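Biologist: Hi! Could you walk me through this one?
Modeller: Happy to, let's open it up.
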Amino acid sequence: MARSNSRPENYELPTTSVSRRRLISLAGLGFLALGPLRLFSGSAAAASGALSAEEQRSYLRLVYSGVDGEVIWSILGVKYGREGNELTPLWNTNTIGFSRISYPEQGGYRVDTLEVVFYTDLVSGERLGIWHNPYTSREVEVIVPAPVAVTSFHAKVGPTERTSAAGIRVAESVQPPRAIGGDTWVQVEKRVAVTPDQARAPVFTSTEFIDYRGRTADLHAEAPRVASTLHLEIVSDWLPWMEMSDRPGGLYTRARGAKLFALDDVPAASLELLERHYPEIAEDPFGYIAAALAGGP
């Protein structure tokens, strides 16, 4: 694919055609990215705490690649309901994240991302359309937003704040890499608040922790591609479509994933879901991203 050497345009999240309910649902899905939000690199959070050049290289190679390249993250987990200290498994989460990184000549890096998220039955593994809520004994429609291609430019790795006109604000920080035994870990923390009406308190909040892990020896080698895995935890409010009203508690997600370099390496069950429900993405995921960001055919 042709390399882009120009700083990309920022993308705003449209609000006229997307309901508040779906916006909050989107906020509760994020693993590698969160919707088409505008990045404010001049924020106070971005002004301090940036990683050193070597630490940034480790982060970029663990999460993406040290040179222009395409990677796939396959992430499998379980969404739990939490009431006090009790956790109840509710459904499986199955995410395939496609990311393309490029390094413009003027510095920084650009990332194009597309995440495909499935909520599946705990037993059958089938995609959920209607879900039986064990807390209320009601059948509810499962709302998972369609995949959206997102592009962003980053001057450097460090704390950032992103926001949108819809009232979704994301504060993200990246901790310096830490070596434990023969592995190197990088922790990313993301805090999400959805406040459609700025005069009121947030209607949805979420805190996400992602730990990326790779072999320290690989990071010290010359190869720009580094094999890596991740562990994810998310603590959030109930999703609105669950119809939990003001019931105390919320959701807890626990997931694990691996970085892959070929679609054939994605687990068979995940690939089957992708081919059945999004065949146009399964046929050529990175071509799909390019077309979507270019405005479609």
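Biologist: Is Trp 241 buried or exposed?
Modeller: This is a predicted model, and in it Trp 241 is buried, with a relative accessible area of 1%.

Biologist: Thanks! Which cluster does Trp 241 belong to?
Modeller: Ring pairs link Trp 241 with Trp 91, Tyr 119 and Trp 131 in a cluster.

Biologist: How many aromatic pairs turn up in the whole structure?
Modeller: A search finds eleven. One of them joins Phe 118 and Tyr 278, a tilted pair with 6.0 Å centre to centre and 45° between the planes.

Biologist: What does that pair tie together?
Modeller: Phe 118 sits in strand 4 and Tyr 278 in the loop between helix 4 and helix 5, so the pair connects parts 160 residues apart in sequence. Phe 118 counts as buried at 0% relative accessibility, and Tyr 278 does too, at 13%.

Biologist: New topic: what's in the largest nonpolar core?
Modeller: That core has 25 residues, and those with the most contacts inside it are Tyr 59, Leu 60, Tyr 109 and Tyr 212. Helix 2 gives the largest share, four residues.

Biologist: And what does Tyr 59 touch?
Modeller: Leaving out residues up to four places away in sequence, Tyr 59 touches Tyr 109, Val 157, Val 174, Val 186 and Val 188. Apart from this core lies another, of 22 residues, including Ile 143 and Met 242.

Biologist: Last one: how many helices and strands are there?
Modeller: The protein has six helices and 14 strands, and buried residues make up 48% of its 297 residues.

Conventions: Residues numbered from 1 in each chain as written. Predicted model: local features only at pLDDT ≥ 70, side-chain atom pairs only at ≥ 80, totals over all residues. Heavy atoms only, no water. Helix = DSSP H or I, 4+ residues; strand = E, 2+ residues; numbered from the N terminus. Buried < 20%, exposed > 50% of the residue type's maximum accessible area, 1.4 Å probe, protein only. Core = buried A, V, L, I, M, F, W, Y, C linked by side-chain atoms within 4.5 Å. Contact = heavy atoms within 4.5 Å. Phe/Tyr/Trp six-rings, centres within 6.5 Å; stacked < 30°, edge-to-face > 60°.
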